[in-house]
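Hi everyone, thanks for coming along. Please have a look at the structure on the screen, and then we'll walk through it together.

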Amino acid sequence: MTLQSSRRRFLTGIASGAGALALAGCDRLVQNADVDAVLRDTERLTMATQRALLPRQRLAREYAEADLSPVFRANGTQMPDSEEYAHLLEHEFVDWRLQVDGLVQRPQSLSLAELKRFPSRTQITRHDCVEGWSAIGKWQGVPLAHVLDAAGLKPGARYVVLHCADELEKTLDGSGRYYESIDLLDAYHPQTILAYGMNGKALPVAHGAPLRLRVERQLGYKQAKYLMRIEVVDAFGALFGGKGGYWEDRGYEWYAGI
C-alpha cells in the first residue's frame, strides 16, 4: 500500500466517522460551540499541513482504462425533484444554462454546447466517498479555470460557490438546495473540471447531468452534481448555513482534502 493510498484510507475513515456521527443524531455535539471551535481549528490545521507538504499543482493519481470500476455507485440524489429540471431533461438540456456571476467582470450564461467549445480535459480518477467506498471513473469536461478566466475575476474574489438543481426538501430535512464551495487554489487546479462526460458517454442523470464538479483532491461530497450556477464570492458566511456547503452546514468539514 502506498503512502498516498494509506493517507486516503485514513482521511476517508475520519470523514466517514464524522458523517455517521452527524447523521446518527449526535449533531448536538457538533452544535456545541466549544466542540465546533475545536473541529474548525483541526480543519484549518489539516488544510494548512496538506498545502504546506504538497505542491499546489500536484495531481491526484490517474488510472488506465483497464482500471475502470465495473460499477460506479450513484450516491445522494439521483434525480432532482423539480419541474424545472424535469423540463430541462425532457428537452435534452438544450435550454439549460450555466450562470457565472458574483465577483466577475463579465457574467456568463453558457449552454452545454458553448461549454464543450472550451478546451477539454479527460481524466481517470478515483472517487472516495465519505461513506467509505471508492470507485474509478473516466471524466471529461472543461477545466473550471477556463470558465473563470472567461468571466474574469474581480479583486477580492476568494471562493467559488456551486449552486445545484438538487432540491433536498422532500428527501432530507427541508432546508434547501445542495450547494458547495471551493477556494481559488482548488478552482484553478488542473484536475478541477466541470464534467459533462463519464466513461466515454454523456454524463448520466444519476451522476449529475448535465454538469458536475470534479475536484479530484477532495472527498466525494465536494463533487457537486446538477450544476446550475457558479457564484464567485469573497466569503460564504452569509450563504445558507454559513459553512460553505450543504453537508458542511450539518457538521462535515469544509476542507475535504485527500
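This is a predicted model: local features need pLDDT of at least 70, side-chain atom pairs count only at pLDDT 80 or more; totals for chains, interfaces and linings use all residues.

Let's begin with a word we'll need: a residue is called buried when its relative accessible area is under 20%. Cys 164 has a relative accessible area of 2%, so Cys 164 is buried.

Now, how many disulfides does a search of the whole structure find? The count is zero. If the term is new to you, a disulfide is a covalent bond between the sulfur atoms of two cysteines.

Let's step back to the whole protein. Its secondary structure comes to six helices and 10 strands. Of its 258 residues, 49% are buried. The protein exposes about 12500 Å², and carbon and sulfur atoms supply 55% of that area.

To finish, let's zoom in on one residue, Ala 145. You'll find Ala 145 in helix α5, which covers residues 144-151. Is Ala 145 buried or exposed? Its relative accessibility is 14%, so Ala 145 counts as buried. And which residues does Ala 145 touch, leaving out those up to four places away in sequence? The answer is Ala 187 and Tyr 188. Look for Gln 191 as well: Gln 191 is 46 residues from Ala 145 in sequence, and their C-alpha atoms are 9.8 Å apart in space.

Terms used:
Residues are numbered from 1 along each chain as its sequence is written. Side-chain values use heavy atoms; hydrogens and water are left out. Helices (H or I, at least four residues) and strands (E, at least two) are DSSP runs, numbered from the N terminus. Buried means under 20% relative accessible area, exposed over 50%, partly exposed in between (1.4 Å probe, protein chains only). Contact means heavy atoms within 4.5 Å. Accessible areas come from the Shrake-Rupley method with a 1.4 Å probe; for residues, only the protein chains shown count as cover. A disulfide is a pair of cysteine sulfur atoms within 2.5 Å.
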